[in-house]
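Subject: Structure handover, with notes on its pockets, cavities and ligand

Dear colleague,

Please read them with the structure open beside you.

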Amino acid sequence: MKINFIDLQAQYNTYKEQIDKEVLEVMSSAAFIGGEKLANFEKNLSLYTGAKHSIGCSSGTDALLLALMALDIKAGDEIITTPFTFIATAEVIALLGATSVFVDIDEKTYNIDPSKIEDAITERTKAIIPVSLYGQCADMDTINEIATRRNIVVIEDACQSFGATYKGKKSCNLSTIACTSFFPSKPLGAYGDGGAIFTSDDELAAKIKMLLNHGQNERYKHKYIGINGRLDAIQAAVLNVKLKHIDTEIKDRDFIGSRYSDLLSGCDVITPYIEDGNTSVYAQYSIRVKNRDEFIQKLSTKEVPTAIHYPLPLHLQEAFLYLGYHKGDFPISEMVANEIVSLPMSAFLSEAHQDYIIEAIKGE
Ligand SMILES: Cc1ncc(COP(=O)(O)O)c(C=O)c1O
């Protein structure tokens, strides 16, 4: 049985007619950068998330970079985030010469532990980047409360949580700025790289729009040092089609995620914990197992693909050794990094395939 980790082909086949039509329209209009497709997509993103401004950009990484640039983050500034995330979250902090200050995660949700944030704040702290990992929002109310009291900005790294809800509100509209990724395997995935920045602050939105277009306020007049961080029209056209279907896909992902958890109850694994008041989009369905190498090996002999998100927390990465952290500094992140493994997940995973995966896990 051939099981894909994420079934992007089944998704394309389902929406093929609409996607092909939209992409061909871009080709014949020759409006490849900006234009109507992008404007439509951005409008639909705002309708979906509730954020006043939605700004398409070149990737989730650039979305985070642009958010920090818009806040004038520079050398000497400190940004609080979690070490249990994809490197992009902290990479952009370093690229601007600022310093990542890591705070450990909660043992159940794997998101930043808000009770540990306050101890990490100094007079140099400018922002907190909570990551809404695996598709479940971080505890944004508690984080926003701390940030408001300490005069710090909150940027939600929503690269994995587009479409998730927190106390009835959508991810990407839970803090001053939010950033998401449209990397092909994300819950809302493009056919290449893409991302978006969300804010309801008019000034920040205007600045971000300039920054992603070389800091231009009009053609060849540059107010800021910016980047080429635009989302192209073909990606916007594809994403606009997929956005129409996302709620159905999220419902299916939720069904599949809950079914995994039901079928795994009684197995010696820790299934995802979804906090009351949250819905997850299961960007990953990740479980914790004790003998991970053996577990992965067993599944691989039955041709069940797995992935590890993420095997080494950021404070132990060679690239971040200069920050001076050591093994043992963030014990929960380290423990989870040793035990976590993601199972195949997409809205198109059939029950038969899921049953096969469960049998592979339960078998000898
Ligand atoms: C938590 C997190 N942050 C940032 C990114 C970066 O997004 P992109 O790959 O679109 O640059 C990702 C994507 O993998 C992510 O999962």
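The lining of the largest pocket divides into 11 nonpolar, 11 polar and three charged residues, where Ala, Val, Leu, Ile, Met, Phe, Trp, Tyr, Cys and Pro count as nonpolar, Asp, Glu, Lys and Arg as charged, and the others, Gly among them, as polar. A pocket here is an open set of points on a 1 Å grid over the protein atoms alone, with protein on both sides within 12 Å along at least five of seven lines, while a cavity is a set of points where a 1.4 Å probe fits but cannot get out, and lining residues have an atom within 4 Å of a point. This is a predicted model, in which local features need pLDDT of at least 70 and side-chain atom pairs count only at pLDDT 80 or more, whereas totals for chains, interfaces and linings use all residues. Residues are numbered from 1 along each chain as its sequence is written, and side-chain values use heavy atoms, with hydrogens and water left out.

The volume of the largest pocket is about 420 Å³, a volume being the space filled by probe spheres set on the grid points, which are joined across faces, edges and corners. Its lining has 25 residues, and Phe86, Ser181, Phe183, Lys186 and Tyr310 are the closest to its centre. H3 and H4 are the elements that give two or more residues to this lining, and H3 provides the largest share, three residues; helices are DSSP runs of H or I with at least four residues, numbered from the N terminus.

What takes up the space of the largest pocket? The ligand does, by the rule that more than half of a molecule's atoms must lie within 2 Å of the grid points. The ligand is surrounded by 16 residues, the closest being Gly60, Thr61, Asp157, Ser181 and Lys186, where a residue counts as near if one of its heavy atoms lies within 4 Å. This shell holds six nonpolar, eight polar and two charged residues. Helix H3 (60-70) and helix H4 (88-95) each supply at least two residues of the shell, with the largest share, three residues, coming from H3.

Among the polar contacts (pairs of N or O atoms within 3.5 Å), an oxygen atom of the ligand lies 2.5 Å from a side-chain N or O atom of Thr61. A nitrogen atom of the ligand is 2.8 Å from a polar side-chain atom of Asp157, and an oxygen atom of the ligand is 2.8 Å from an N or O atom in the side chain of Gln160. Taken alone, the ligand exposes 390 Å², of which the protein buries 92%, with areas from the Shrake-Rupley method and a 1.4 Å probe.

The second largest pocket has a volume of about 240 Å³, and its lining includes Cys267, Asp268, Lys290 and Phe295. Helix H8 (292-301) and helix H10 (351-362) each supply at least two of its lining residues, and this lining comprises five nonpolar, one polar and five charged residues.

There are also two cavities of 30 Å³ or more. The largest cavity, about 110 Å³ in volume, is lined by 14 residues, with Tyr134, Gln136, Pro272, Tyr273 and Ile274 nearest its centre. The second largest cavity holds about 80 Å³ of space, and among its 15 lining residues Ile6, Leu8, Gln11, Glu249 and Arg253 are the closest to its centre.

With best wishes

Key
A polar contact is a pair of N or O atoms within 3.5 Å; within protein, one must be able to donate a hydrogen and the other to accept it, and residues adjacent in sequence count only if both atoms are side-chain atoms.
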